[in-house]
Protein chains: 2
Amino acid sequence: MSKRTEKTIVDIAEELQLSVSTVSRALNDHPNISARTKERVKKVAKKLGYRPNALAAGLRNNKSKTIGLIVPRISMFFPATISTIIQNKLQEFGYNLIICQSNDSYEQEVALANTLYSARVDGLVVSTTLYTTDFSHFDVFRNNNIPLVFFDRVPKDYNVKVIKGDDYRGGYVATTHLAEKGCKDIVHISGPLTCCLYSDRVAGYKAALQEQGLPFKKSRIFYQELTRENAWQTCEKIFGQQPYPDGIFAANDTTAITIIEYCRKHGLRVPEDVKIVGYSNDPRTEIVTPSISSIDQYPGMMGERVVAVLMELINGRQSAEPRYSQEIIPIQLIERQSSAGKSKTGKKKLTLS
Amino acid sequence: MSKRTEKTIVDIAEELQLSVSTVSRALNDHPNISARTKERVKKVAKKLGYRPNALAAGLRNNKSKTIGLIVPRISMFFPATISTIIQNKLQEFGYNLIICQSNDSYEQEVALANTLYSARVDGLVVSTTLYTTDFSHFDVFRNNNIPLVFFDRVPKDYNVKVIKGDDYRGGYVATTHLAEKGCKDIVHISGPLTCCLYSDRVAGYKAALQEQGLPFKKSRIFYQELTRENAWQTCEKIFGQQPYPDGIFAANDTTAITIIEYCRKHGLRVPEDVKIVGYSNDPRTEIVTPSISSIDQYPGMMGERVVAVLMELINGRQSAEPRYSQEIIPIQLIERQSSAGKSKTGKKKLTLS
DNA sequence: TAAATTAATGCAAACGTTTGCAATAATCCA
DNA sequence: TGGATTATTGCAAACGTTTGCATTAATTTA
């Protein structure tokens with residue numbers, strides 16, 4: 001029965017008594033082909049329901065018109081937002097995007113890098129695992145001059161194009177803000193230090209403390225994977241013994257939200273007893289009560305820069321370009337109730353008009 | 001300089017003085033190849049840094065080991081969760097996933113279907129646009145026996161594999177719940193009726209009203225794209241004139257959350273003055289105050305069924321299988337504060353242990 | 001009108017695999 | 001020990017495109 005249903009350019013060629021090369025060129029609007037021929041070819045192509053085979057073209061051209069993306073997980077606000085932007089932007093350039101999630105597993109990340117290479121993606125965009133410290137699985141891309149861009153969670157000491165947030169500044173601004181609101185004992189809940197993101201924020205936190213004349217105590221930083229469960233446990237640790245901190249800078253919003261819930265449950269008033277600042281400006285920070293101050297990372301800008309750099313790399317003179325460069329996207333503190341001064345109720349920015 | 005850096009199986013063959021066929025078979029663990037040869041081949045492959053070219057293999061085999069996914073947007077909770085599950089599950093089966101978002105634009109959906117076909121995906125999974133009523137852009141897949149599975153937002157009158165939530169029941173359960181809690185005047189904020197999802201929920205809503213002996217009024221249903229902005233406007237309409245409803249069934253959680261915000265701003269007490277039920281059990285419903293009752297759609301189950309059906313289609317005797325079948329995933333009402341009875345405070349389900 | 005130029009089309013190889021079939025090498029059995 | 005069986009390996013075509021170069025057709029020029 002239906003053995004060979006797929007139409008190819010040779011079917012078109014036969015039908016029109018043309019050579020396949022002419023058909024191919026006609027479909028690609030090659031200047032050497034007469035207008036009449038192009039028209040005839042396209043008409044028959046439509047009639048036969050011809051669909052180009054991207055695999056064949058990709059094999060021949062050595063390019064797949066496909067970009068790979070590896071992120072920890074697409075269900076988290078920040079990577080999800082960026083993925084969306086990257087996807088939509090790439091579409092404009094005629095590129096497909098293969099979105100993959102490493103689930104924060106190093107092994108999966110390695111496996112994904114390999115399959116994406118095998119798929120001969122024309123470029124790779126990565127935000128690494130929390131635990132990736134060896135980046136050699138990306139060597140294939142570097143060595144074969146396949147555009148490689150890292151964002152947000154970027155490598156240390158690995159020469160590639162990097163687009164990251166200003167995490168040092170983020171940590172600094174958040175901490176300074178808490179201090180200015182009167183906090184004297186500021187706890188920081190950080191992610192694992194293997195991830196440069198967090199070490200930068202910690203550095204900003206320390207710098208701010210010093211500048212504010214507040215003592216830095218090692219015991220006032222907690223390092224953990226920033227999940228809901230861990231946040232809750234850490235709260236139990238923090239509020240398990242006196243003295244309680246009067247400010248908490250959480251390195252992500254899930255943690256900040258969980259702190260709010262913990263405080264509510266245990267009768268701690270936010271911001272009166274303890275002030276809180278989160279990170280990423282996840283929309284959830286706005287709907288929780290009290291709403292949470294957070295550091296906005298301009299995901300839109302970051303996503304657009306990622307695509308821009310990638311396209312430059314793909315189209316540009318790749319040998320000329322420096323293989324390494326670092327671009328820093330600014331951050332901005334969004335003040336909400338959770339860190340409002342004791343006197344005022346704090347201004348609530350409503351996104352609705 | 002670095003002209004031809006990519007190693008192929010012919011490089012391996014040359015190095016070992018073997019034929020390419022032997023090398024190919026060795027790499028694929030073909031039984032006819034001696035253990036010794038396999039070992040030698042694999043060793044040299046590793047040494048040379050050989051990476052299989054999936055494009056070439058795909059072209060030859062007429063299969064790409066890649067699945068396409070089209071969803072409205074991956075930044076929404078429900079599609080995001082399902083995408084994650086599908087991705088991770090497919091990975092186990094050795095399939096790649098190309099995630100694409102239509103941004104709820106029919107034109108984009110059509111374009112995506114075409115490119116994914118060109119990419120020769122081995123299967124396509126779709127949750128359609130709100131406005132897709134013509135499904136002919138998927139004909140190529142049907143006609144060429146490429147597994148095609150729809151979920152959540154599924155077509156009407158288009159013979160394919162369908163996995164959907166029990167939206168009729170969802171509408172019914174939500175409405176009945178509100179009625180049982182004492183609501184006499186229940187407004188329903190629905191999505192556009194072009195999407196079967198919403199028409200089913202509306203049907204459930206009507207059925208419940210009737211069963212509860214409550215009158216159905218056309219003016220008590222609002223049809224709109226379920227965005228934050230629209231929700232706010234609709235609130236202004238609803239509470240712009242008396243009588244106020246005492247219950248609102250919102251067809252998604254973004255809407256439900258916005259209603260809460262509106263009520264808070266305007267001094268309406270939830271659940272005392274008006275009770276609210278949302279849809280999808282978005283995690284945000286849990287962190288907002290008051291927390292929002294919602295209909296859980298078991299995204300995990302749905303995602304797993306999607307992949308299961310897809311794999312059956314890919315591996316199974318596809319001619320035997322009926323091309324059409326519909327599977328319905330159950331729903332469950334999660335009761336929270338927003339619909340608690342006047343006397344009780346309502347039980348709050350905390351996910352934390 | 002013939003030679004020269006330009007426009008349009010065709011030939012055939014190449015991209016890197018896989019696989020049916022043929023061929024060879026190794027092993028077995030009587 | 002020789003024929004038969006089995007275990008390995010190789011040949012060559014095929015998958016559907018694209019493209020450099022050669023060829024033919026159409027047009028221009030002298």
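Me: What is 2.8 Å from a base nitrogen of DNA strand C?
Reply: An N or O atom in the side chain of S21(A) is 2.8 Å from that base nitrogen. A polar contact here is a pair of N or O atoms within 3.5 Å; within protein, one atom must be able to donate a hydrogen and the other to accept it, and residues adjacent in sequence count only if both atoms are side-chain atoms. The base contacts of DNA strand C also include a base oxygen that lies 2.5 Å from a polar side-chain atom of R25(A).

Me: What about the phosphate of DNA strand C and N28(B)?
Reply: An N or O atom in the side chain of N28(B) is 3.3 Å from a phosphate oxygen of DNA strand C. Helices (H or I, at least four residues) and strands (E, at least two) are DSSP runs, numbered from the N terminus.

Me: Before we continue, on what basis are these values given?
Reply: The model is predicted: local features need pLDDT of at least 70 and side-chain atom pairs count only at pLDDT 80 or more, while totals for chains, interfaces and linings use all residues. Residues are numbered from 1 along each chain as its sequence is written, chains are lettered from A and ligands numbered from 1 in the order in which they are written, and side-chain values use heavy atoms, with hydrogens and water left out.

Me: How many residues surround DNA strand C?
Reply: 26 residues surround DNA strand C, and the closest are T22(A), R25(A), T37(A), S24(B) and R60(B). A residue is near a strand if one of its heavy atoms lies within 4 Å of it. The largest share of this surface, 4 residues, comes from α4(B).

Me: Which classes do those residues fall into?
Reply: The surface near DNA strand C divides into 8 nonpolar, 13 polar and 5 charged residues. Ala, Val, Leu, Ile, Met, Phe, Trp, Tyr, Cys and Pro count as nonpolar, Asp, Glu, Lys and Arg as charged, and the others, Gly among them, as polar. Of the atoms of DNA strand C within 4 Å of the protein, 61% belong to sugar or phosphate and the rest to bases.

Me: And which residues are closest to DNA strand D?
Reply: They are S24(A), Y50(A), R60(A), T22(B) and R25(B), out of 26 residues that surround DNA strand D. R60(B) places a backbone N or O atom 3.3 Å from a base oxygen of DNA strand D.

Me: Which helix gives the most to that surface?
Reply: α4(A) does, with 4 residues. By class, the surface near DNA strand D has 8 nonpolar, 13 polar and 5 charged residues.

Me: Turning to the fold, how is chain A divided?
Reply: Chain A has domain 1 (9-52), domain 2 (63-165 + 299-330) and domain 3 (167-297 + 333-339). These bounds come from an automatic or database domain assignment. The centres of domain 1 and domain 2 of chain A, taken over C-alpha atoms, are separated by 37 Å.

Me: What is the strand order in the open sheet of chain A?
Reply: The order of its 6 strands is β2-β1-β3-β4-β5-β11, with parallel pairing. β2 (96-101) and β11 (325-329) of chain A stand at the edges with a single partner strand each, so one side of each is left without a neighbour in the sheet. The twist averages 15° from one strand to the next. Two strands pair if DSSP finds at least two bridges between them; β1 (residues 66-71) of chain A and β2(A) pair over 6 bridges. The partner of I67(A) in β2(A) is L97(A).

Me: Which helix packs on that sheet?
Reply: Helix α13 (residues 299-315) of chain A packs there, touching β1, β3 (123-126), β4 (148-151), β5 (161-165) and β11 of chain A, and its direction makes about 170° with that of β5(A). Contact means heavy atoms within 4.5 Å. Axes are lines fitted to C-alpha atoms, for helices over the stretch in contact, and angles run from 0 to 180 degrees between N-to-C directions.

Me: Finally, where is the cis peptide bond of P271(A)?
Reply: The bond from V270(A) to P271(A) is cis, with omega near 5°. P271(A) is in the loop between α11 (253-265) and β9 (275-280) of chain A.
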